[in-house]
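Subject: Structure for your review

Dear colleague,

Please find below the structure that I am handing over to you, together with its sequence.

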Amino acid sequence: MNYTKLGKTISYILRHHPEEYHLELDEGGWICIKDLFEALKERFQELDIHDIYNIMNHSDKKRYEIKDGKIRAIYGHSLSQKIEYQSSIPPDYLFHGTAHRFLPSIIQKGLLSMDRQYVHLSQDIDTAIKVGKRHDKQPVILKVHAKKAYNDHILFYKTQDQVWLSESIPSKYLDIIKE
Ligand code: HQG
C-alpha cells in the first residue's frame, strides 16, 4: 500500500472535500471508518480496512484521530462546515513559520486563516521551521504573543502536541524572530 498517497487522499476527504467521495462528516468532523473504507476502495483496489487504522503508524505527524469506529482529521480543515474545538489557555508564546513573500500582507492584516478554518500555530520553533519550509526554502519565523492575545480575548485551541489553532491574530501580537 502506498501510504503517502492514501494519507493524502484521506486528508483531502476529511479536511476539504468529503462530498467528492459522496461522504458527509458529522458536526465534529467524524466519519465511520467503514464508510470511508468503501469510498476509498474505488481508488485503492487493494485497500484493507486495517490500512486506515495503520495510516498513523506510517506518518511523521498525528493528523487523524480514531474513536468508536470513526475517524476525523484533527486540524487543517477548509470545509465550509466549521469544526468546533474547546478553547484552551495557550502558552506565553507560539510560533508560525511562513514565507517571506507573505510578510507584507501579514504585517498589514495580521495572521489570517486564509483557505483554512483557523490559523495554524506551532508549539516550538523547530516545528514552525518545518511548516514554513512548505512555503519558502528559508522561512520567516514569527513569535506569537499568544498569552497576551488570549488575555485580549483571542481564542486558541490545542489540537495535539505540535499544532495549535487560533482565530485571526493582529500583527501587534507578532514578532519576527528569524528571517
Ligand atoms: C499565510 C500542515 C498573506 C500563512 C502544516 C501560511 C500546518 C498569510 C499561508 C498546517 C496571511 C497559509 C497549516 C496574510 C497568513 N497574508 N498570507 N494576512 N496570514 N498567511 O498551508 O499554517 O502536513 O493554509 O502564513 O504543518 O502553513 O498538512 O497554513 O503560510 O500544521 O498535516 O498563508 O498544514 O499540516 O498556508 O499550515 P496553509 P500553514 P499537514
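**The largest pocket and the two domains**

Both domain 1 (3-73) and domain 2 (94-178) give residues to the lining of the largest pocket, so this pocket lies between them. Please note that the model is a predicted one. The division of the chain is into these two domains, 3-73 and 94-178, and the C-alpha centres of domain 1 and domain 2 are 27 Å apart.

The volume of the largest pocket is about 1,200 Å³. Its lining comprises 43 residues, of which Arg 116, His 120, Val 131, Arg 134 and His 135 are the closest to the pocket centre. Five elements are listed as giving two or more residues to this lining: α1 (3-16), β4 (93-98), α4 (103-109), β5 (119-122) and α5 (125-133). The largest share comes from α1, with 8 residues. Sorted by class, the lining of the largest pocket holds 19 polar, 15 nonpolar and 9 charged residues.

**The second largest pocket**

For the second largest pocket, the volume is about 200 Å³. Its lining consists of Asp 60, Lys 61, Thr 127, Lys 130, Val 131, Arg 134, Gln 160, Gln 162 and Val 163. Here α5 gives the most, namely 3 residues. The classes in this lining are 4 charged, 3 polar and 2 nonpolar residues.

**Gln 117**

One further residue is described here in more detail. Gln 117 is located in the loop between α4 and β5. Is Gln 117 buried or exposed? Its relative accessibility is 10%, and a residue counts as buried under 20%, so Gln 117 is classed as buried.

A polar atom of the Gln 117 side chain lies 2.6 Å from the backbone oxygen of Leu 79. Leaving aside residues up to four places away in sequence, Gln 117 touches His 77, Ser 78, Leu 79, Gln 81, Lys 82 and Ile 83.

With kind regards

Terms used
Residues are numbered from 1 along each chain as its sequence is written. This is a predicted model: local features need pLDDT of at least 70, side-chain atom pairs count only at pLDDT 80 or more; totals for chains, interfaces and linings use all residues. Side-chain values use heavy atoms; hydrogens and water are left out. On a 1 Å grid over the protein atoms alone, a cavity is a set of points where a 1.4 Å probe fits but cannot get out, and a pocket is an open set with protein on both sides within 12 Å along at least five of seven lines; lining residues have an atom within 4 Å of a point. Grid points are joined across faces, edges and corners, and a volume is the space filled by probe spheres set on the points. Helices (H or I, at least four residues) and strands (E, at least two) are DSSP runs, numbered from the N terminus. Ala, Val, Leu, Ile, Met, Phe, Trp, Tyr, Cys and Pro count as nonpolar, Asp, Glu, Lys and Arg as charged, and the others, Gly among them, as polar. Domain bounds come from an automatic or database domain assignment. Buried means under 20% relative accessible area, exposed over 50%, partly exposed in between (1.4 Å probe, protein chains only). A polar contact is a pair of N or O atoms within 3.5 Å; within protein, one must be able to donate a hydrogen and the other to accept it, and residues adjacent in sequence count only if both atoms are side-chain atoms. Contact means heavy atoms within 4.5 Å.
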